[in-house]
Amino acid sequence: MAAEASESEPALQELMREAEISLLECKVCFEKFGHRQQRRPRNLSCGHVVCLACVAALAHPRTLALECPFCRRACRGCDTSDCLPVLHLIELLGSALRQSPAAHRAAPSAPGALTCHHTFGGWGTLVNPTGLALCPKTGRVVVVHDGRRRVKIFDSGGGCAHQFGAKGDASQDIRYPVDVTITNDCHVVVTDAGDRSIKVFDFFGQIKLVIGGQFSLPWGVETTPQNGIVVTDAEAGSLHLLDVDFAEGVLRRTEKLQAHLCSPRGVAVSWLTGAIAVLEHPLALGTGVCSTRVKVFSSSMQLVGQVDTFGLSLYFPSKITASAVTFDHQGNVIVADTSGPAIFCLGKPEEFPVLKPMVTHGLSHPVALTFTKENSLLVLDTASHSIKVYKVDWG
(Lines give C-alpha, C1' and ligand atoms only; values in the text may rest on other atoms or scores of the structure.)
Protein backbone atom coordinates (compact mmCIF):
# COMPACT_ATOMS: atom_id res chain seq x y z
CA MET A 1 0.00 0.00 0.00
CA ALA A 2 2.84 2.38 0.85
CA ALA A 3 4.42 1.67 -2.54
CA GLU A 4 1.14 2.42 -4.30
CA ALA A 5 0.80 5.69 -2.40
CA SER A 6 4.33 6.75 -3.33
CA GLU A 7 3.65 5.92 -6.98
CA SER A 8 0.43 7.95 -7.02
CA GLU A 9 2.03 10.99 -5.36
CA PRO A 10 3.69 12.34 -8.55
CA ALA A 11 0.40 11.96 -10.44
CA LEU A 12 -1.40 13.85 -7.67
CA GLN A 13 1.19 16.63 -7.73
CA GLU A 14 0.80 16.82 -11.51
CA LEU A 15 -2.99 17.10 -11.15
CA MET A 16 -2.56 19.86 -8.57
CA ARG A 17 -0.24 21.79 -10.82
CA GLU A 18 -2.58 21.51 -13.80
CA ALA A 19 -5.51 22.70 -11.67
CA GLU A 20 -3.56 25.69 -10.42
CA ILE A 21 -2.41 26.70 -13.91
CA SER A 22 -5.63 26.03 -15.78
CA LEU A 23 -8.33 26.93 -13.27
CA LEU A 24 -6.95 29.02 -10.43
CA GLU A 25 -5.08 31.71 -12.35
CA CYS A 26 -6.48 34.86 -13.99
CA LYS A 27 -5.54 34.59 -17.65
CA VAL A 28 -5.39 38.38 -18.04
CA CYS A 29 -2.91 39.36 -15.33
CA PHE A 30 -1.58 35.83 -14.51
CA GLU A 31 -2.16 36.37 -10.78
CA LYS A 32 -3.59 33.55 -8.67
CA PHE A 33 -7.27 33.80 -7.72
CA GLY A 34 -7.94 34.16 -4.02
CA HIS A 35 -10.45 35.26 -1.40
CA ARG A 36 -9.05 38.75 -0.93
CA GLN A 37 -11.07 41.33 -2.79
CA GLN A 38 -8.84 42.28 -5.73
CA ARG A 39 -8.11 38.65 -6.64
CA ARG A 40 -11.62 37.23 -6.25
CA PRO A 41 -12.70 35.36 -9.43
CA ARG A 42 -15.60 37.12 -11.15
CA ASN A 43 -18.00 35.76 -13.78
CA LEU A 44 -18.50 37.99 -16.81
CA SER A 45 -21.91 37.88 -18.49
CA CYS A 46 -20.39 35.86 -21.36
CA GLY A 47 -19.24 33.13 -18.95
CA HIS A 48 -15.49 33.83 -18.86
CA VAL A 49 -13.77 34.38 -15.52
CA VAL A 50 -11.26 37.11 -14.57
CA CYS A 51 -10.16 38.58 -11.27
CA LEU A 52 -11.89 41.63 -9.80
CA ALA A 53 -8.79 43.80 -10.32
CA CYS A 54 -8.89 43.09 -14.05
CA VAL A 55 -12.64 43.81 -14.19
CA ALA A 56 -11.91 47.22 -12.69
CA ALA A 57 -9.00 47.81 -15.09
CA LEU A 58 -10.98 46.81 -18.19
CA ALA A 59 -14.22 48.62 -17.36
CA HIS A 60 -14.92 52.18 -18.54
CA PRO A 61 -14.66 54.49 -15.49
CA ARG A 62 -18.10 56.06 -16.02
CA THR A 63 -20.25 53.58 -17.95
CA LEU A 64 -18.56 50.45 -16.51
CA ALA A 65 -18.84 48.90 -19.99
CA LEU A 66 -16.10 46.44 -20.91
CA GLU A 67 -15.23 43.97 -23.63
CA CYS A 68 -14.47 40.39 -22.66
CA PRO A 69 -10.72 39.90 -23.24
CA PHE A 70 -11.33 36.41 -24.60
CA CYS A 71 -14.50 36.38 -26.73
CA ARG A 72 -14.81 40.20 -27.13
CA ARG A 73 -18.48 40.24 -26.19
CA ALA A 74 -19.76 43.42 -24.59
CA CYS A 75 -20.25 43.15 -20.82
CA ARG A 76 -20.87 45.48 -17.87
CA GLY A 77 -18.54 45.57 -14.92
CA CYS A 78 -21.43 46.01 -12.50
CA ASP A 79 -23.05 42.80 -13.79
CA THR A 80 -20.23 40.50 -12.69
CA SER A 81 -20.59 38.02 -9.85
CA ASP A 82 -18.34 35.80 -7.76
CA CYS A 83 -17.39 32.57 -9.53
CA LEU A 84 -18.43 30.17 -6.78
CA PRO A 85 -16.99 26.97 -8.36
CA VAL A 86 -13.51 28.51 -8.43
CA LEU A 87 -13.84 29.82 -4.86
CA HIS A 88 -14.98 26.38 -3.70
CA LEU A 89 -12.08 24.75 -5.53
CA ILE A 90 -9.66 27.11 -3.80
CA GLU A 91 -11.13 26.04 -0.44
CA LEU A 92 -10.95 22.33 -1.32
CA LEU A 93 -7.36 22.54 -2.53
CA GLY A 94 -6.27 25.27 -0.15
CA SER A 95 -4.12 23.19 2.20
CA ALA A 96 -2.49 21.28 -0.64
CA LEU A 97 -1.78 24.48 -2.55
CA ARG A 98 -0.17 26.08 0.49
CA GLN A 99 2.08 23.03 0.86
CA SER A 100 3.13 23.13 -2.79
CA PRO A 101 5.03 25.94 -4.53
CA ALA A 102 3.62 28.02 -7.36
CA ALA A 103 2.31 26.28 -10.46
CA HIS A 104 5.45 26.31 -12.51
CA ARG A 105 7.49 25.09 -9.54
CA ALA A 106 5.03 22.55 -8.15
CA ALA A 107 7.15 19.53 -8.98
CA PRO A 108 10.92 19.59 -8.55
CA SER A 109 12.61 20.16 -11.88
CA ALA A 110 15.34 17.88 -13.06
CA PRO A 111 18.73 19.57 -13.34
CA GLY A 112 18.96 21.28 -16.73
CA ALA A 113 15.16 21.46 -17.19
CA LEU A 114 13.52 24.61 -18.58
CA THR A 115 11.31 26.50 -16.16
CA CYS A 116 9.27 29.67 -16.66
CA HIS A 117 11.02 32.56 -14.93
CA HIS A 118 9.13 35.53 -16.33
CA THR A 119 5.98 36.40 -18.28
CA PHE A 120 5.09 39.71 -19.90
CA GLY A 121 2.50 41.10 -22.26
CA GLY A 122 -1.03 39.99 -21.44
CA TRP A 123 -4.41 40.97 -22.86
CA GLY A 124 -4.60 44.62 -23.86
CA THR A 125 -0.84 44.96 -24.14
CA LEU A 126 -0.99 42.29 -26.84
CA VAL A 127 -4.03 41.19 -28.84
CA ASN A 128 -3.87 37.82 -30.62
CA PRO A 129 -0.11 37.96 -31.30
CA THR A 130 1.25 35.94 -34.23
CA GLY A 131 4.98 36.58 -34.61
CA LEU A 132 8.05 37.06 -32.40
CA ALA A 133 11.63 38.19 -33.03
CA LEU A 134 14.65 39.31 -31.04
CA CYS A 135 16.86 42.26 -31.96
CA PRO A 136 20.44 40.92 -32.18
CA LYS A 137 22.01 44.24 -31.10
CA THR A 138 19.70 45.57 -28.40
CA GLY A 139 18.15 42.34 -27.12
CA ARG A 140 14.70 43.88 -27.36
CA VAL A 141 11.73 41.66 -28.16
CA VAL A 142 9.53 42.52 -31.15
CA VAL A 143 5.99 41.11 -31.50
CA VAL A 144 3.37 41.56 -34.22
CA HIS A 145 -0.26 41.39 -33.14
CA ASP A 146 -3.82 42.57 -33.85
CA GLY A 147 -3.63 45.84 -31.92
CA ARG A 148 -4.07 49.33 -33.34
CA ARG A 149 -0.30 49.53 -33.63
CA ARG A 150 0.69 46.22 -35.16
CA VAL A 151 4.35 46.12 -34.06
CA LYS A 152 5.22 46.29 -30.37
CA ILE A 153 8.77 46.43 -29.00
CA PHE A 154 9.54 45.35 -25.43
CA ASP A 155 12.68 46.07 -23.42
CA SER A 156 14.61 43.33 -21.65
CA GLY A 157 12.42 43.71 -18.57
CA GLY A 158 9.18 43.20 -20.49
CA GLY A 159 8.10 46.85 -20.56
CA CYS A 160 6.71 48.37 -23.75
CA ALA A 161 9.44 50.55 -25.23
CA HIS A 162 7.89 51.48 -28.57
CA GLN A 163 5.10 50.58 -31.00
CA PHE A 164 4.31 51.39 -34.61
CA GLY A 165 2.64 50.07 -37.76
CA ALA A 166 -0.85 51.51 -37.97
CA LYS A 167 -3.80 49.29 -38.84
CA GLY A 168 -5.02 50.53 -42.21
CA ASP A 169 -5.15 50.19 -45.98
CA ALA A 170 -2.29 52.50 -46.97
CA SER A 171 0.80 50.82 -48.36
CA GLN A 172 2.85 51.68 -45.27
CA ASP A 173 0.12 50.40 -42.94
CA ILE A 174 -0.08 46.80 -41.76
CA ARG A 175 -3.36 45.01 -42.42
CA TYR A 176 -2.81 41.49 -41.09
CA PRO A 177 0.69 40.77 -39.75
CA VAL A 178 1.71 37.12 -39.71
CA ASP A 179 5.39 37.03 -38.80
CA VAL A 180 8.33 39.30 -38.06
CA THR A 181 12.12 39.21 -38.08
CA ILE A 182 14.86 41.68 -37.15
CA THR A 183 17.86 42.10 -39.45
CA ASN A 184 21.45 42.33 -38.28
CA ASP A 185 21.30 46.12 -38.69
CA CYS A 186 18.05 46.39 -36.68
CA HIS A 187 15.45 46.70 -39.45
CA VAL A 188 12.02 45.23 -38.75
CA VAL A 189 10.61 42.99 -41.51
CA VAL A 190 6.92 42.04 -41.38
CA THR A 191 4.91 39.67 -43.58
CA ASP A 192 1.48 41.19 -44.22
CA ALA A 193 -1.16 38.68 -45.37
CA GLY A 194 -3.68 41.49 -45.78
CA ASP A 195 -2.13 42.89 -48.96
CA ARG A 196 0.25 39.93 -49.55
CA SER A 197 3.39 41.99 -49.12
CA ILE A 198 6.58 42.25 -47.10
CA LYS A 199 7.19 45.53 -45.28
CA VAL A 200 10.51 46.79 -44.00
CA PHE A 201 10.73 49.43 -41.24
CA ASP A 202 13.65 50.93 -39.39
CA PHE A 203 13.70 50.26 -35.64
CA PHE A 204 11.83 53.51 -34.97
CA GLY A 205 8.95 52.56 -37.25
CA GLN A 206 9.72 54.53 -40.40
CA ILE A 207 8.78 52.62 -43.55
CA LYS A 208 11.79 51.79 -45.73
CA LEU A 209 10.45 49.35 -48.33
CA VAL A 210 7.26 47.59 -49.41
CA ILE A 211 7.70 44.42 -51.47
CA GLY A 212 4.38 43.59 -53.11
CA GLY A 213 3.15 41.73 -56.15
CA GLN A 214 5.67 38.90 -55.82
CA PHE A 215 3.96 36.58 -53.33
CA SER A 216 0.64 34.75 -53.19
CA LEU A 217 0.59 34.57 -49.38
CA PRO A 218 3.83 35.49 -47.58
CA TRP A 219 3.94 33.85 -44.17
CA GLY A 220 7.10 32.97 -42.26
CA VAL A 221 10.12 35.27 -42.35
CA GLU A 222 13.63 34.96 -40.91
CA THR A 223 17.03 36.65 -41.17
CA THR A 224 20.12 34.76 -42.35
CA PRO A 225 23.63 35.24 -40.91
CA GLN A 226 24.48 37.12 -44.14
CA ASN A 227 21.60 39.56 -43.47
CA GLY A 228 19.40 38.09 -46.18
CA ILE A 229 15.69 37.45 -45.67
CA VAL A 230 14.06 34.04 -46.20
CA VAL A 231 10.28 34.01 -46.71
CA THR A 232 7.77 31.20 -47.10
CA ASP A 233 4.83 31.57 -49.49
CA ALA A 234 2.07 29.41 -48.01
CA GLU A 235 -0.19 29.60 -51.05
CA ALA A 236 2.44 29.17 -53.76
CA GLY A 237 4.27 26.45 -51.81
CA SER A 238 7.69 28.07 -52.12
CA LEU A 239 10.65 29.41 -50.17
CA HIS A 240 12.42 32.61 -51.24
CA LEU A 241 15.64 34.45 -50.39
CA LEU A 242 15.57 38.26 -50.59
CA ASP A 243 18.70 40.36 -50.95
CA VAL A 244 17.83 43.84 -49.67
CA ASP A 245 19.82 47.05 -49.28
CA PHE A 246 18.12 48.08 -46.05
CA ALA A 247 19.88 51.43 -45.71
CA GLU A 248 18.68 52.52 -49.18
CA GLY A 249 15.38 50.66 -49.05
CA VAL A 250 16.05 48.75 -52.29
CA LEU A 251 15.30 45.11 -53.19
CA ARG A 252 18.37 43.92 -55.06
CA ARG A 253 17.44 40.34 -55.90
CA THR A 254 14.91 37.58 -55.23
CA GLU A 255 15.82 33.91 -55.45
CA LYS A 256 13.43 30.97 -55.21
CA LEU A 257 15.19 28.44 -53.00
CA GLN A 258 12.50 25.73 -52.98
CA ALA A 259 9.26 25.01 -54.83
CA HIS A 260 6.61 22.27 -54.43
CA LEU A 261 6.39 22.65 -50.67
CA CYS A 262 3.07 21.85 -48.97
CA SER A 263 1.66 25.04 -47.46
CA PRO A 264 4.94 26.17 -45.86
CA ARG A 265 4.50 28.56 -42.95
CA GLY A 266 7.10 28.77 -40.21
CA VAL A 267 10.78 29.09 -41.14
CA ALA A 268 14.00 29.20 -39.12
CA VAL A 269 17.70 29.58 -39.90
CA SER A 270 20.55 28.07 -37.88
CA TRP A 271 23.26 30.64 -37.26
CA LEU A 272 25.64 27.78 -36.45
CA THR A 273 25.33 25.81 -39.71
CA GLY A 274 23.22 27.96 -42.04
CA ALA A 275 20.60 25.19 -42.24
CA ILE A 276 16.99 26.22 -42.93
CA ALA A 277 13.98 24.55 -41.30
CA VAL A 278 10.55 24.85 -42.91
CA LEU A 279 7.26 23.94 -41.26
CA GLU A 280 4.75 22.50 -43.75
CA HIS A 281 1.00 21.88 -43.30
CA PRO A 282 0.07 19.10 -45.75
CA LEU A 283 -3.42 17.60 -45.86
CA ALA A 284 -3.61 13.96 -44.85
CA LEU A 285 -4.68 11.92 -47.86
CA GLY A 286 -8.37 11.03 -47.94
CA THR A 287 -9.17 12.72 -44.63
CA GLY A 288 -8.94 16.44 -45.28
CA VAL A 289 -7.20 16.70 -41.90
CA CYS A 290 -4.16 18.95 -41.79
CA SER A 291 -0.98 17.50 -40.30
CA THR A 292 2.43 19.12 -39.93
CA ARG A 293 5.88 18.29 -41.26
CA VAL A 294 9.30 19.73 -40.46
CA LYS A 295 11.83 19.76 -43.31
CA VAL A 296 15.43 20.82 -42.80
CA PHE A 297 17.68 21.87 -45.69
CA SER A 298 21.43 22.38 -45.57
CA SER A 299 22.95 25.77 -46.40
CA SER A 300 23.24 24.49 -49.99
CA MET A 301 19.49 23.62 -49.91
CA GLN A 302 19.93 19.85 -49.82
CA LEU A 303 17.25 18.04 -47.80
CA VAL A 304 19.01 16.62 -44.72
CA GLY A 305 16.08 15.63 -42.51
CA GLN A 306 12.31 15.59 -42.22
CA VAL A 307 9.66 14.30 -39.84
CA ASP A 308 5.87 14.61 -39.79
CA THR A 309 3.02 14.22 -37.31
CA PHE A 310 2.75 10.48 -37.96
CA GLY A 311 6.49 9.93 -37.60
CA LEU A 312 6.53 11.75 -34.26
CA SER A 313 3.58 9.65 -33.05
CA LEU A 314 5.85 6.58 -33.21
CA TYR A 315 8.09 8.15 -30.56
CA PHE A 316 5.56 10.00 -28.40
CA PRO A 317 2.18 8.71 -27.17
CA SER A 318 0.26 11.95 -27.86
CA LYS A 319 -0.31 13.73 -31.17
CA ILE A 320 2.16 16.52 -31.88
CA THR A 321 0.99 19.42 -34.06
CA ALA A 322 3.94 21.69 -34.80
CA SER A 323 3.07 25.39 -34.84
CA ALA A 324 6.53 26.99 -34.80
CA VAL A 325 10.14 26.03 -35.39
CA THR A 326 13.53 27.42 -34.40
CA PHE A 327 17.15 26.32 -33.85
CA ASP A 328 19.00 26.46 -30.54
CA HIS A 329 22.63 27.56 -30.30
CA GLN A 330 23.84 23.97 -30.76
CA GLY A 331 21.96 23.50 -34.04
CA ASN A 332 19.13 21.39 -32.61
CA VAL A 333 15.66 21.81 -34.11
CA ILE A 334 13.07 23.01 -31.57
CA VAL A 335 9.32 22.96 -32.28
CA ALA A 336 6.23 24.26 -30.52
CA ASP A 337 3.28 21.88 -30.25
CA THR A 338 -0.29 23.15 -29.94
CA SER A 339 -1.83 19.73 -29.26
CA GLY A 340 0.03 19.23 -25.96
CA PRO A 341 0.68 22.08 -25.69
CA ALA A 342 4.44 21.72 -25.29
CA ILE A 343 7.91 22.50 -26.62
CA PHE A 344 10.05 19.66 -28.02
CA CYS A 345 13.64 19.26 -29.13
CA LEU A 346 13.92 17.09 -32.27
CA GLY A 347 17.71 16.93 -32.17
CA LYS A 348 20.05 17.73 -35.03
CA PRO A 349 18.65 17.20 -38.56
CA GLU A 350 20.95 14.28 -39.31
CA GLU A 351 19.71 12.55 -36.13
CA PHE A 352 15.95 13.02 -36.72
CA PRO A 353 13.97 12.46 -34.70
CA VAL A 354 15.51 12.51 -31.22
CA LEU A 355 12.37 13.57 -29.37
CA LYS A 356 12.97 15.31 -26.04
CA PRO A 357 10.25 17.28 -24.19
CA MET A 358 11.55 20.67 -23.02
CA VAL A 359 8.39 22.39 -21.74
CA THR A 360 5.23 20.42 -21.01
CA HIS A 361 3.27 22.69 -18.64
CA GLY A 362 2.08 26.27 -18.44
CA LEU A 363 1.40 26.83 -22.15
CA SER A 364 -1.94 27.32 -23.91
CA HIS A 365 -1.27 27.88 -27.64
CA PRO A 366 2.41 28.55 -28.49
CA VAL A 367 2.91 30.05 -31.96
CA ALA A 368 6.50 31.39 -32.04
CA LEU A 369 9.89 30.63 -30.49
CA THR A 370 13.33 32.20 -30.27
CA PHE A 371 16.46 31.93 -28.13
CA THR A 372 18.32 34.83 -26.54
CA LYS A 373 22.11 35.16 -26.48
CA GLU A 374 21.96 34.00 -22.85
CA ASN A 375 20.18 30.82 -24.05
CA SER A 376 16.80 31.71 -22.56
CA LEU A 377 13.85 30.45 -24.61
CA LEU A 378 11.12 32.97 -25.46
CA VAL A 379 7.72 31.47 -26.27
CA LEU A 380 4.87 33.53 -27.74
CA ASP A 381 1.59 32.14 -26.37
CA THR A 382 -1.26 33.58 -28.42
CA ALA A 383 -4.03 32.22 -26.17
CA SER A 384 -2.71 34.12 -23.15
CA HIS A 385 -1.50 37.04 -25.33
CA SER A 386 1.90 36.86 -23.65
CA ILE A 387 5.60 36.08 -23.97
CA LYS A 388 6.95 33.47 -21.56
CA VAL A 389 10.66 33.35 -20.74
CA TYR A 390 12.12 29.93 -19.94
CA LYS A 391 15.56 29.40 -18.45
CA VAL A 392 17.58 26.34 -17.57
CA ASP A 393 17.14 25.35 -13.94
CA TRP A 394 20.32 23.69 -12.73
CA GLY A 395 18.90 23.23 -9.23
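1. Leu314 sits in the loop between helix 4 (309–313) and strand 23 (322–327). Helices (H or I, at least four residues) and strands (E, at least two) are DSSP runs, numbered from the N terminus. Leu314 is exposed, with a relative accessible area of 61%. Exposed means over 50%, buried under 20%, partly exposed in between (1.4 Å probe, protein chains only).

2. A note on the basis. This is a predicted model: local features need pLDDT of at least 70, side-chain atom pairs count only at pLDDT 80 or more, and totals for chains, interfaces and linings use all residues. Residues are numbered from 1 along each chain as its sequence is written, and side-chain values use heavy atoms, with hydrogens and water left out.

3. Now Asp337. It is found in strand 24 (residues 333–337). Asp337 is buried yet has no salt bridge (a side-chain nitrogen of Lys or Arg within 4 Å of a carboxyl oxygen of Asp or Glu). The nearest side chain of opposite charge, Lys319, is 8.5 Å away; Lys and Arg count as positive, Asp and Glu as negative, while His and the chain ends are not counted.

4. Of its 395 residues, 50% count as buried. Among contacts (heavy atoms within 4.5 Å) between residues at least 6 apart in sequence, 45% join residues at least 24 apart.
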